[in-house]
Amino acid sequence: MSSNSFLKQPKSVWAVAFACVIAFMGIGLVDPILKPIAEQLHASPSQVSLLFTSYMAVIGVAMLITGAVSSRIGAKRTLLIGLAIIVVFSALAGLSNSIGMIVAFRAGWGLGNALFIATALATIVNSASGSVAQAIILYEAALGVGIAAGPLVGGELGTISWRGPFFGVAVLMTIALAATAFLLPASPPAPRRTSIIEPLKALRHRSLATVAVTALLYNFGFFTLLAFTPFPLGMSARQIGLIFFGWGIGLALTSVFAAPRLQRRFGTLPVVMTSLLLFAADLALMGLYAHHPPVLAVGVIVAGLFLGVNNTLITEAVMAAAPVERGTASAAYSFVRFSGGAVAPWLAGKLGEEINVQIPFWVGAFAVLLAVGVLATGWKPLAHLRTPVVHSETEATALTAADA
């Protein structure tokens, strides 16, 4: 693949790719400012962690409607509505003066993100010049840059004010909205209208339900790491941003490069179960040394390596788990894991407040161990995922993108 031909994309593709970077930044953008928000608005860790809970819960539920919306009004309108919602609610969050208001506006932000992200990959693939593989790599590049840059940008803007990251997103998304509106050609509605209940029906397949519940439990550990760790770290917004920047870099690299190599050698299920066990061990060690910030910092960065492998391969397990369309399987999976996993940030904060800072990490580790047990119950139904297979890094990219 020529890098020159890869970079020669229509302006519309670069507009959507830029918007993708900003949208993915939202995943880790608030990590560095959780503690400053708590201090300045006199909120507890569990209250501040609701910024993740409201955001993820709305994304989970919205996954049931994104396909239905896009198939009726077309991809461009869906993208523009999603971007407009993000602009409005991120700005309102920055203007808020209470934790309750920020939590509510963060929920609105989640709706916009769901509408945008669910449509962006298909838009880039349909509009890009060159092969589908090149388009997917471009999307993956936006995903990696956004996940890694979110904590870094949040940390830098957070040194000015906790409001800074919210206003920063509003400004950048306004630019992305204008670019998408002017540069992306109109797209007609899909030939077949998607039903809201299709993802729910898909969960009747035991194999798909098994993987979805596995992801729900694993997300308890994942969001404990994201939403609670900034509190016992007790560092500045910039320092926390740098730590989670390292986490994002590790996640992006292993999702694309390590996951397909391990899969080729050992098979999807064995690698997923091993990465979950290693993540559980990492969380348990973080709990044991929760009063030692350097250990927590290393634990966060190391977790990114395991999470990158797991995110890619467990999404592949979803896509191959049931005889339904990929989009339907992905929506069903996202609904279960985000809606259920939304409880974890609040629960971690509550346990940290009322018991001690070690308990949230141990509960997260236990939930991840339960995820391994649930996945083991699908050993027979998911037998086709136990053997080594040859998949390309491009496929790993596509799966990571779908997972996002």
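These legends accompany close-up views of a predicted model.

In this predicted model, local features need pLDDT of at least 70 and side-chain atom pairs count only at pLDDT 80 or more, while totals for chains, interfaces and linings use all residues. Residues are numbered from 1 along each chain as its sequence is written, and side-chain values use heavy atoms, with hydrogens and water left out.

**View 1. The protein has 18 helices and zero strands.** Helices (H or I, at least four residues) and strands (E, at least two) are DSSP runs, numbered from the N terminus. Of the 404 residues, 57% are buried, meaning under 20% relative accessible area with a 1.4 Å probe, protein chains only.

**View 2. Here helix α4 meets helix α6.** Two packed helices are described by the angle between their axes and the distance between the axes. For α4 (residues 45–73) and α6 (residues 99–127), the axes come within 7 Å and cross at roughly 30°; axes are lines fitted to C-alpha atoms over the stretch in contact, with angles from 0 to 180 degrees between N-to-C directions. The contact of α4 with α6 involves 17 nonpolar residues, seven polar and one charged (Ala, Val, Leu, Ile, Met, Phe, Trp, Tyr, Cys and Pro count as nonpolar, Asp, Glu, Lys and Arg as charged, and the others, Gly among them, as polar).

**View 3. Take a look at M25, in helix α2 (residues 11–25).** M25 counts as buried because its relative accessibility is 5%. Leaving aside neighbours within four places in sequence, M25 is in contact with G146, A149, G150 and V153, where contact means heavy atoms within 4.5 Å. Although M25 and L152 are 127 residues apart along the chain, their C-alpha atoms are separated by 9.3 Å.

Methods. Buried < 20%, exposed > 50% of the residue type's maximum accessible area, 1.4 Å probe, protein only.
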